[in-house]
Amino acid sequence: MALVITSSTVEEQQAMIRFLFAKGNKVGKIHSELVGVYRKDCIDRTNAGRWCKMFQDGRRILVDEVRSGRPVFPSSSSIFDEIDNVKRENRRTTLNEIKERCNISYGSAWDILHEKLGYRKVCSRWVPEQLSEQHTGCRMACSQNFCSGSTRKVISVWRVLLQEMKPWPYT
């Protein structure tokens, strides 16, 4: 029984494709060999065929070449700090203003604010999403007090209404 490799890189699989292609194997055979070794971590048949075609055309480098396309998400802490400073200066700053000021996309600004910095929007202000234990306890006590008081009031109103109602004429 063949050894199953549970973690691999794409370059490793591309090297296997190149080796098996050089031995004269067809795409279907190459892909079945890869599936036998890598199981669910294996690249799909279409990509195996694409790599065979590239090797047939003379490609020798295994790593993907740099190409234009979707920009990489800004991950430098300087952008995070800049956005955080903008928000701390004026909590009513919009995402479009942040986008223009920091020279990033709207989606990146939203993602940094929500996912990385933990802000959320409350009453058209961006506030850090963090409550202390005291705040959480106070909010819980207020909610329980409100719910218990309003429930009693609703029940008493229904009792009065039911007592004063005349019987339904169509029963």
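**Ground rules**

I note that this is a predicted model, in which local features need pLDDT of at least 70, side-chain atom pairs count only at pLDDT 80 or more, and totals for chains, interfaces and linings use all residues. Residues are numbered from 1 along each chain as its sequence is written, and side-chain values use heavy atoms, with hydrogens and water left out.

**The chain as a whole**

I find 7 helices and 2 strands in the chain. Both kinds of element are DSSP runs numbered from the N terminus, helices being H or I with at least four residues and strands E with at least two. Along the sequence I read the pattern α-α-α-α-α-α-β-β-α.

I then turned to burial: 20% of the 171 residues count as buried. Here buried means under 20% relative accessible area, exposed over 50%, and partly exposed in between, with a 1.4 Å probe and protein chains only. For contacts, I use heavy atoms within 4.5 Å. Among the chain's contacts with a separation of 6 or more, 51% come from residues 24 or more positions apart.

**Salt bridges**

I get 5 salt bridges in the structure, a salt bridge being a side-chain nitrogen of Lys or Arg within 4 Å of a carboxyl oxygen of Asp or Glu.

- Asp84 pairs with Arg88, the closest N and O atoms being 3.2 Å apart. Asp84 is buried, because its relative accessible area is 17%.
- Lys53 pairs with Asp57, with 3.2 Å between the closest N and O atoms. Lys53 is partly exposed at 46% relative accessible area, while Asp57 counts as exposed at 54%.
- Glu89 pairs with Arg101 at 3.3 Å, N to O. This pair links distant parts of the chain, since Glu89 is in helix H4 and Arg101 in helix H5, 12 residues apart. Glu89 is exposed at 57% relative accessibility, and Arg101 is partly exposed at 49%.

**H4 against H5**

The Glu89 pair sent me to the helices themselves. H4 covers residues 77-89 and H5 residues 95-102; their axes come within 11 Å and cross at roughly 135°. That makes H4 oblique to H5. For the record, axes are lines fitted to C-alpha atoms, for helices over the stretch in contact, and angles run from 0 to 180 degrees between N-to-C directions. Angles under 35 degrees count as roughly parallel, over 145 as roughly antiparallel, 65 to 115 as roughly perpendicular and the rest as oblique.

Which residues meet here? I list Glu82, Ile83, Val86, Lys87 and Glu89 from H4, and Ile98, Arg101 and Cys102 from H5. By class, the contact has 4 nonpolar, no polar and 4 charged residues. My classes are nonpolar for Ala, Val, Leu, Ile, Met, Phe, Trp, Tyr, Cys and Pro, charged for Asp, Glu, Lys and Arg, and polar for the others, Gly among them.

**H5 against H6**

Next I followed H5 onward. H5 and H6 pack at about 105°, with their axes 9 Å apart. That makes H5 roughly perpendicular to H6. Leu95, Asn96, Ile98 and Lys99 of H5 make the contact with Tyr106, Ala109, Trp110 and Leu113 of H6. I sort these residues into 6 nonpolar, 1 polar and 1 charged.

Gly107 is in H6, which spans residues 106-116, and is partly exposed at 45% relative accessibility. Its C-alpha atom is 8.9 Å from that of Leu95, 12 residues apart along the chain.

**Loops with positive phi**

Where is Asn103 found? I place Asn103 in the loop between H5 and H6. Its phi is near 60°, a positive value in a residue other than glycine, and Asn103 is exposed at 71% relative accessible area.

Arg39 also has a positive phi, about 55°, although it is not a glycine. Arg39 is in the loop between helix H2 (27-38) and helix H3 (45-56), and is partly exposed at 42%.

Helix H1, where Gln14 is found, covers residues 10-22. Leaving aside neighbours within four places in sequence, I find Gln14 in contact with Trp51, Phe55, Leu62, Val63 and Asp64.
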